[in-house]
Amino acid sequence: MSNSEFAEPYTIIEPFGGPFKGDVTVPGDKSISHRAVLFAAMAEGTSHLSGVLDSEDVRASIRAVEALGAEVDLKAQPDGSLSGTVTGWGAEGPSQPAAPIDCGNSGTTARLLMGIVAPWDIEVTITGDESLKKRPMRRIVAPLAKMGVDFKPETPETLPITVCGNRALRAIDYASPMASAQLKTAVLLAGVFADGTTTVNEPAPSRNHTELMLPEFNVPTTAGTRVATVTGPAEMLASDVVVPGDPSSAAFVAAAALLKPGSSVTIQNVSLNPARIGFVRTLERMGADIRESYGGHEGKEPRGTITVNYTPVLRGCEIPSQHIASVIDEIPVLALVAAHARGITVFHEVGELRVKESDRLKAIIDGLALLGVDAWEEGDDLFVEGNPQLQVPQGVVFESYGDHRLAMTWALVGACGRVPVSVTRFTCVAVSYPDFLADLKGLVK
């Protein structure tokens, strides 16, 4: 990453004229949207879905289930979300697809799909774009192989992978080496059709959307702090799902309000799932003026508002390893906030950042260096030494590596600052928040 000429196209982000004020609704939660589409496709009958995130990643899940025989009729709504029906394959099971299923950049689609096709007599080749082909898949292959699933190649590490389904899956008791909602979900979805109780134990809590949603589709699920179980075989039945706003997207709006003097923003109808609002707890520890207010439930998912006010004095803090799973997608933007705080902020055990859509750990350190901020890694820990007097240099060009979380993080440097910055491949924000800049501009007063 440097200020030299880039081969990649870049977008110039100009400073926004005034503070951010008012109410905003962020797009539907990406994790819940994926699961709503995928679970509805697995179920018997027709499910009604609303508030579904219309993004490249979720559309990858839609295309995948269509290729497997589900009927999807989701249409764009005036608010930018998708709403409509999904008719699943139910007890008949998915169809043999005519070609490999391309999951684009969506790791969630690829990993959950392995568990979905595992219990059926089909062979499904799963692939993706160049970025997704570099991401680790062995973590999903290992437990599914224990359940009786075969793979081609036999011990694949990365995509493309061919999953050879097996109707006689074994239930397992699996000690996961990491806190990963994708791993846990893939195993549980295979376990829905295995004979017996499948249990996943984790070293730390991960997102629990699967455990909250499966009972809505008639699958009894036991959910603990670090353990989840399903007992199969179970019959999945259609359900109606309303998707609340995405906390990960809300984190970027919250950061904008914190960093732009005079700002006061309320984010409406956002998921307040405790496993997803770790960023709120982190910002509270930094002294931020931020609070959430409970407003009800969508299914078993709590929702409400998050209100954030500009906070002139922030302080560094430590985020312990057991809390990292609840902030893993927000670490880039939290690191940017930490860059403006007094003292050092430490994110413990964040090695997983190296195998996200990009090597986010290196990208954060390199990007903050362009701002004159010292950030470094020690083992798997990330350190950021803040500078409350941070001044953005002229002519900074940030490399997004085609990673939506990085693109939005670096865009905030320009939007909340006094000089424009450039961000390469900014259009990758379409993966999770296509109207990110437009929503921010709508708050400028």
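This is a predicted model: local features need pLDDT of at least 70, side-chain atom pairs count only at pLDDT 80 or more; totals for chains, interfaces and linings use all residues.
A residue is called buried here when its relative accessible area is under 20%, exposed when that value is over 50%, and partly exposed in between.

**Stop one: helix α5.** Select residues 181-191, which form helix α5, and note that 11 of its 11 residues are buried, so the helix is largely enclosed by the rest of the structure. The buried residues run through Ala-181, Gln-182, Leu-183, Lys-184, Thr-185, Ala-186, Val-187, Leu-188, Leu-189, Ala-190 and Gly-191.

**Stop two: Thr-210.** With a relative accessibility of 1%, Thr-210 counts as buried. Leaving aside residues up to four places away in sequence, Thr-210 touches Arg-35, Phe-39, Thr-185, Leu-188 and Pro-215, and two of these, Thr-185 and Leu-188, are among the buried residues of α5 already visited.

In soluble globular proteins, nonpolar side chains tend to be buried together. Select Phe-279, Ile-331, Phe-347, Leu-368, Val-384, Leu-412 and Phe-436, which are the residues that touch the most other members of the largest nonpolar core, a set of 79 residues. Helix α7, residues 247-259, gives the most to this core, contributing 10 residues.

Return to Val-384 and display its surroundings: not counting residues up to four places away in sequence, Val-384 is in touch with Ala-335, Ala-338, Ala-339, Gly-343, Ile-344, Thr-345, Phe-347, Leu-368, Val-373, Asp-374 and Ala-375.

**Stop four: helices α9 and α11.** Now show helix α9, residues 331-339, together with helix α11, residues 404-415, whose axes come within 8 Å and cross at roughly 25°. Angles under 35 degrees count as roughly parallel, and α9 and α11 are therefore roughly parallel to each other. Their crossing is right-handed. On the α9 side, select Pro-332, Val-333 and Leu-336, which meet Arg-405, Leu-406, Thr-409, Leu-412 and Val-413 of α11. The residues of this contact divide into six nonpolar, one polar and one charged.

**Stop five: backbone features.** Most residues other than glycine have a negative phi, and most peptide bonds are trans. The places that follow can be viewed against that background.

Select Leu-159 and Pro-160, which are joined by a cis peptide bond with omega at about 0°, and see that Pro-160 is found in the loop between β8 (150-152) and β9 (161-164). Then go to Gly-232 and Pro-233, where the peptide bond is again cis, with omega near 0°; Pro-233 is found in the loop between β13 (227-232) and β14 (240-242).

For positive phi values, select Asn-269, which is not a glycine and yet has a phi of about 50°. Asn-269 lies in strand β15, residues 264-271, and is partly exposed, with a relative accessible area of 31%. The tour ends at Tyr-401, a residue other than glycine whose phi is positive, near 55°. Tyr-401 lies in the loop between β22 (397-398) and α11, and with a relative accessible area of 33% Tyr-401 is partly exposed.

Methods:
Residues are numbered from 1 along each chain as its sequence is written. Side-chain values use heavy atoms; hydrogens and water are left out. A nonpolar core is a set of buried Ala, Val, Leu, Ile, Met, Phe, Trp, Tyr and Cys residues joined through side-chain atoms within 4.5 Å. Buried means under 20% relative accessible area, exposed over 50%, partly exposed in between (1.4 Å probe, protein chains only). Helices (H or I, at least four residues) and strands (E, at least two) are DSSP runs, numbered from the N terminus. Contact means heavy atoms within 4.5 Å. Axes are lines fitted to C-alpha atoms, for helices over the stretch in contact, and angles run from 0 to 180 degrees between N-to-C directions. Angles under 35 degrees count as roughly parallel, over 145 as roughly antiparallel, 65 to 115 as roughly perpendicular and the rest as oblique. A crossing is left-handed if the near helix is turned anticlockwise from the far one by less than a right angle, and right-handed if clockwise. Ala, Val, Leu, Ile, Met, Phe, Trp, Tyr, Cys and Pro count as nonpolar, Asp, Glu, Lys and Arg as charged, and the others, Gly among them, as polar.
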